[in-house]
Amino acid sequence: MSLTSDITTEPIPVGIQRSRIKKQVSPNGLPIVYVGRPSKWGNPFRVILKHGSWIVVGDNETTFFSSRDKNIAVMFAVDVYNEYVSHEHNMGNLDICELIDKNLSCWCPLDCKCHRDVLLKLAKQLKIKRK
């Protein structure tokens with residue numbers, strides 16, 4: 001009887017911060033997909049500074065939220081993106097399955113909340129459902 005395991009560990013998809021300085025290299029061998037603007041995965045809810053407040057606006061410049069705290073505005077933009085992308089996937093307009101087993105890249109720093117994290121989570125959930 002063999003004591004060795006035949007279990008192989010699959011690489012786990014990660015978020016990558018895009019850079020103009022360094023070439024993007026996959027840290028785990030998985031393909032990299034750019035999910036920032038203007039890709040179809042880009043967050044249409046932008047956070048901008050206007051008159052001393054951080055404003056969350058949509059593609060048509062409609063204001064959705066305002067806060068004096070940038071982090072709160074960013075969290076709101078990511079939360080509303082979660083609802084948006086889930087709806088678009090359920091309506092058949094976006095297929096999050098395309099992102100399964102892919103590293104996701106955008107311009108946001110890795111230490112702040114980002115829509116890339118929403119997409120990583122949703123792709124992981126869909127992969128589990130498909131098994």
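Strand β4, residues 53-57, is mostly covered, with 5 of its 5 residues buried. Buried here means under 20% relative accessible area, with over 50% counted as exposed and values in between as partly exposed (1.4 Å probe, protein chains only). Helices (H or I, at least four residues) and strands (E, at least two) are DSSP runs, numbered from the N terminus. The model is predicted, and local features need pLDDT of at least 70, side-chain atom pairs count only at pLDDT 80 or more, and totals for chains, interfaces and linings use all residues. Residues are numbered from 1 along each chain as its sequence is written, and side-chain values use heavy atoms, with hydrogens and water left out.

The cover extends to both faces of β4: S53, I55 and V57 are buried on one side, and W54 and V56 on the other.

Strands count as paired if DSSP finds at least two bridges between them. β4 pairs with β3 in the antiparallel sense over 5 bridges, and K50 stands opposite S53 of β4. The hairpin of β3 and β4 has 2 residues between the strands, and H51 in this hairpin takes a positive phi near 55 degrees.

β4 is also joined to β5, residues 63-67, by 4 bridges, and these two strands run antiparallel. Here V57 stands opposite T63 in β5. The hairpin of β4 and β5 has 5 residues between the strands, and E61 in the turn has a positive phi of about 70 degrees.

The pockets are found on a 1 Å grid over the protein atoms alone: a pocket is an open set of points where a 1.4 Å probe fits, with protein on both sides within 12 Å along at least five of seven lines, and lining residues have an atom within 4 Å of a point. A volume is the space filled by probe spheres set on the points, which are joined across faces, edges and corners.

| Largest | about 380 Å³ | 20 residues | R37, F45, V47, C108 and H115 |

To the lining of the largest pocket, β3 (46-50) and α1 (70-90) are the elements that give two or more residues. The largest share, 4 residues, comes from α1. This lining divides into 12 nonpolar, 4 polar and 4 charged residues. The lining of the second largest pocket has 8 nonpolar, no polar and 6 charged residues. In these counts, Ala, Val, Leu, Ile, Met, Phe, Trp, Tyr, Cys and Pro are nonpolar, Asp, Glu, Lys and Arg are charged, and the others, Gly among them, are polar.
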